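Here's a quick look at the pockets and the helix packing in one protein model. Have the structure open while you read.

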Amino acid sequence: MTTHNDAIRFEQVNYAAGGLHILQNITGSFSKGDITTLVGPSGAGKTTLFRLINGLKSPSSGGIFVDGKHINSYDPVKLRRDVGIALQSATMVNGSVRKNLALPLTLQGKMLSDEDAVELMELVGLDKSYLNRNSKDLSGGQRQKLSIARTLVNRPKILLLDEITSSLDRVSKQDIEELIVKINQKYSATVIWITHNLEQALTIGEYTWVMMDGQLAEAGKSDLLKNPKDDRIKHFVKGEVD
């Protein structure tokens with residue numbers, strides 16, 4: 001049953017493609033305004049779960065509710081504005097930082113104001129002078145900050161992060177972690193973060209979902225990673241979380 005505190009609720013969701021059952025009977029919720037980390041081995045179904053949340057895929061059966069409304073009742077464009085996603089690749093289009101930042105509005109036939117551009121750059125810790133630089137000249141960490149700023153242009157209520165620090169050095173990774181915590185606190189944004197870094201999942205996430213073999217194996221406070229009940233999870237975290 002969906003409650004008013006659920007940003008997203010899955011009810012007995014299954015997803016199959018090409019004869020493979022990728023997600024099986026997923027039931028659970030992500031609470032509003034919290035950071036929930038999503039962990040599990042490759043092929044567990046984490047990225048597929050994200051694609052269901054922002055409507056890029058539809059479940060084979062079961063229901064998904066966003067802010068209490070069935071996902072099918074959303075206009076797809078509005079859904080993707082309300083549910084932003086930032087990816088590991090932080091893909092850029094050719095041209096200036098400003099052109100990349102404005103892209104979500106450009107696609108809607110709108111303009112990004114100078115004031116909003118500067119505000120977003122400052123939020124993610126990039127000087128406004130970067131707006132006129134070529135996006136190709138940015139470092140990996142700077143590109144990721146720009147990618148996050150671009151995701152925030154539509155002021156999403158929910159932010160999906162897919163391995164956004166996995167290719168960054170330690171300092172850049174720490175910068176991004178601090179940035180996401182700041183965004184979560186400043187905008188009360190619901191954050192769901194796929195990470196392969198279990199230490200990150202433990203320290204950044206208030207809650208954690210652990211996925212195994214297309215199933216939600218365990219969910220709760222992130223401390224569950226220190227003492228999981230499921231034997232598969234015990235094997236998964238062994239030697240990685242003290």
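A pocket here is an open set of points on a 1 Å grid over the protein atoms alone, with protein on both sides within 12 Å along at least five of seven lines, and its lining residues have an atom within 4 Å of a point. The model is predicted, so to speak plainly: local features need pLDDT of at least 70, side-chain atom pairs count only at pLDDT 80 or more, and totals for chains, interfaces and linings use all residues. Numbering starts from 1 along each chain as its sequence is written, and side-chain values use heavy atoms, with hydrogens and water left out.

**Pockets**

Start with the largest pocket, which has 22 lining residues; I85, P104, R150, T151 and N154 lie nearest its centre. At least two lining residues come from each of α2 (76-82), β6 (83-87), α3 (97-106) and α5 (140-152); these labels are DSSP runs numbered from the N terminus (helices H or I, at least four residues; strands E, at least two). β6 gives the largest share, five residues.

In the second largest pocket, K32, D67, K157, I158 and T190 are the residues nearest the centre. Here are the two side by side; volume is the space filled by probe spheres set on the points, which are joined across faces, edges and corners. For the classes, Ala, Val, Leu, Ile, Met, Phe, Trp, Tyr, Cys and Pro count as nonpolar, Asp, Glu, Lys and Arg as charged, and the others, Gly among them, as polar.

| Pocket | Volume | Lining | Classes of the lining |
|---|---|---|---|
| Largest pocket | about 630 Å³ | 22 residues | 11 nonpolar, eight polar, three charged residues |
| Second largest pocket | about 160 Å³ | 15 residues | eight nonpolar, three polar, four charged residues |

**Helix packing**

Axes are lines fitted to C-alpha atoms, over the stretch in contact for helices, and angles run from 0 to 180 degrees between N-to-C directions. On the α5 side, G141, Q144, K145, I148 and L152 meet S172, D175, I176, L179, I180 and I183 of α6, where contact means heavy atoms within 4.5 Å. By class, this contact has six nonpolar, three polar and two charged residues.

What is the angle between α3 and α4? α3 and α4 (residues 114-123) pack at about 100°, with their axes 11 Å apart. They are therefore roughly perpendicular to each other (65 to 115 degrees). V97, R98 and L101 of α3 make the contact with D114, A117, L120 and M121 of α4.

How values were computed. On a 1 Å grid over the protein atoms alone, a cavity is a set of points where a 1.4 Å probe fits but cannot get out, and a pocket is an open set with protein on both sides within 12 Å along at least five of seven lines; lining residues have an atom within 4 Å of a point. Angles under 35 degrees count as roughly parallel, over 145 as roughly antiparallel, 65 to 115 as roughly perpendicular and the rest as oblique.
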